[in-house]
Amino acid sequence: MRQHRRTLRLLGSLLLVAMAASVTGAAPAPAASPTPLDRVIPAPASVAPGGSPYRITRGTHIRVDGSRETRGVGEYLARILRPSTGYRLPVTAQGAGGIRLRLTEGPFGAEGYRLDSGRGGVTITAARPAGLFHGVQTLRQLLPAAVEKDSVQPGPWLVAGGTITDTPRYGWRGAMLDVSRHFFTVEQVKRYIDQLALYKINKLHLHLSDDQGWRIAIDSWPRLATYGGSTEVGGGPGGFYTKADYREIVRYASSRYLEVVPEIDMPGHTNAALASYAELNCDGVAPPLYTGTEVGFSSLCAGKDITYDFVEDVIRELAALTPGRYLHIGGDEAHSTSHEDYVKFMDRVQPSVAKYGKTVVGWHQLTGATPAKGALAQYWGLDGTSAEEKARVVKAAQNGTGLILSPADRVYLDMKYTKETPLGLSWAGYVEVKRSYDWDPGAYLPGVPGGAVQGVEAPMWSETLENSEHIEYMAFPRLPGVAELGWSSAASHDWERYKGRLAAQAERWDALGIEWYRSPQVPWGVGGR
């Protein structure tokens, strides 16, 4: 009945508009036209427009094969489309036409897909479920932005005719969220996951420990969370994830085809752990909890056996909670650890990661020790980082260490856009939208073998960020550009074309209730705020 009343009201409004046009002689509104296939972010590998568009109607079904994964993607798509269209959109394995999700062997790799659209329907084909999911994100962007709203909208729901064939450039397209400086709830993390998924991000790196807070329950060292997690920057109440909380984040991320990469930063950035257990300190004296923002003053005691018992316990419990392949051990800004102790520490800790079935990831300072075989180093240096430090990273890459590129003066999402930005820091400089997009990961560090670059990641440190609105304001509009650097070919990279596609995203962000920064570098249209 409620839907019937809505329909009557809508018909009445349309009739009044038509009558007014006939009386005044005003021209009727132009017919809706679908979003061109090449207007999505990240830019697809291949676009071949042509033919009639497909229109989603009350009779549209979402058709899936018999696999559990395909049905899951279909149900996800239906949950997005139902509120705004008002249509039932049943997910079924029967019939033909409508929106079809199909798994089949083909040249798609683990994450690629093909989207075919025409008058008779839309078919998304992939070799793996992740590819179907990424294809659904493309379909979302081909529909009007109002499709993201949670109330019935007038439509029409047109998908342009033609074919998109798409595969990613890099397998690592990440975003890091620092939940240690300020704690974010499970629901806040889930909200960010949904925003990352829209742009085909596939790694969620969670920075779970730092000087200001320890955020994951460890049964063998319970005070880490209950005491070490009891505060945050500025002295707020902090918080931590129970193991059930963490499993829920992992489950939710997996349902959006993101792999969680947990980080326990060590041997530096460890004041919360040192405050929780006096025996982890070289002098046996626990420091007070810390709520400031300085770095480099804390260190685990590399000369004590209990330090390695502690690290192994944490790695064992965290690895058991994490189905993904990677465990990040930090390793940055260990200024209070001598070089000799740093090397000793990393030589003892890295085998523990392998022992529990995970691959080591560390910040690029890991290359100052001996990275384990197969380890990944996350580079966060600047354009102006010393030649010596860059050379060490390049040499490690030449010797087989994979690289994740996160240059701080390009893709640290907590950097201010300009000096007037009310949030964020500026130690790496100001990072406007063009700067965050206008670089090539494959050519960023000369001398690095092409195969060594695993991808890109956009870190979000939280010294000044306290809620979802803060996260969103700093992520948008920069995050989509980083996602494109990770997904799209170098040949497609062009700021002038990209900024127009980016401007078209603003209406979608508004529909999703996302806070965003209106950069003067982007020609925002009438859909933006």
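Helices (H or I, at least four residues) and strands (E, at least two) are DSSP runs, numbered from the N terminus. This is a predicted model, in which local features need pLDDT of at least 70 and side-chain atom pairs count only at pLDDT 80 or more, while totals for chains, interfaces and linings use all residues. Residues are numbered from 1 along each chain as its sequence is written, and side-chain values use heavy atoms, with hydrogens and water left out.

**Backbone geometry**
- Most residues other than glycine have a negative phi, and most peptide bonds are trans.
- Tyrosine 257, which is not a glycine, has a positive phi of about 60 degrees and sits in the loop between α6 (243-255) and β14.

**Aspartate 211**
- Aspartate 211 occupies the loop between β12 (209-210) and β13 (213-214).
- The side chain of aspartate 211 reaches the backbone nitrogen of asparagine 271 at 2.9 Å.
- Contacts of aspartate 211 (heavy atoms within 4.5 Å), leaving aside neighbours within four places in sequence, include His269, Tyr290 and Phe297.

**An open sheet**
- Seven strands form an open sheet in the order β1-β9-β6-β7-β5-β3-β4, with mixed pairing; two strands pair if DSSP finds at least two bridges between them.
- β1 (46-49) and β4 (91-92) are at the edges, each with a single partner strand, so one side of each lacks a neighbour in the sheet.
- β1 pairs with β9 (residues 162-166) in the antiparallel sense over four bridges.

Conventions
A polar contact is a pair of N or O atoms within 3.5 Å; within protein, one must be able to donate a hydrogen and the other to accept it, and residues adjacent in sequence count only if both atoms are side-chain atoms.
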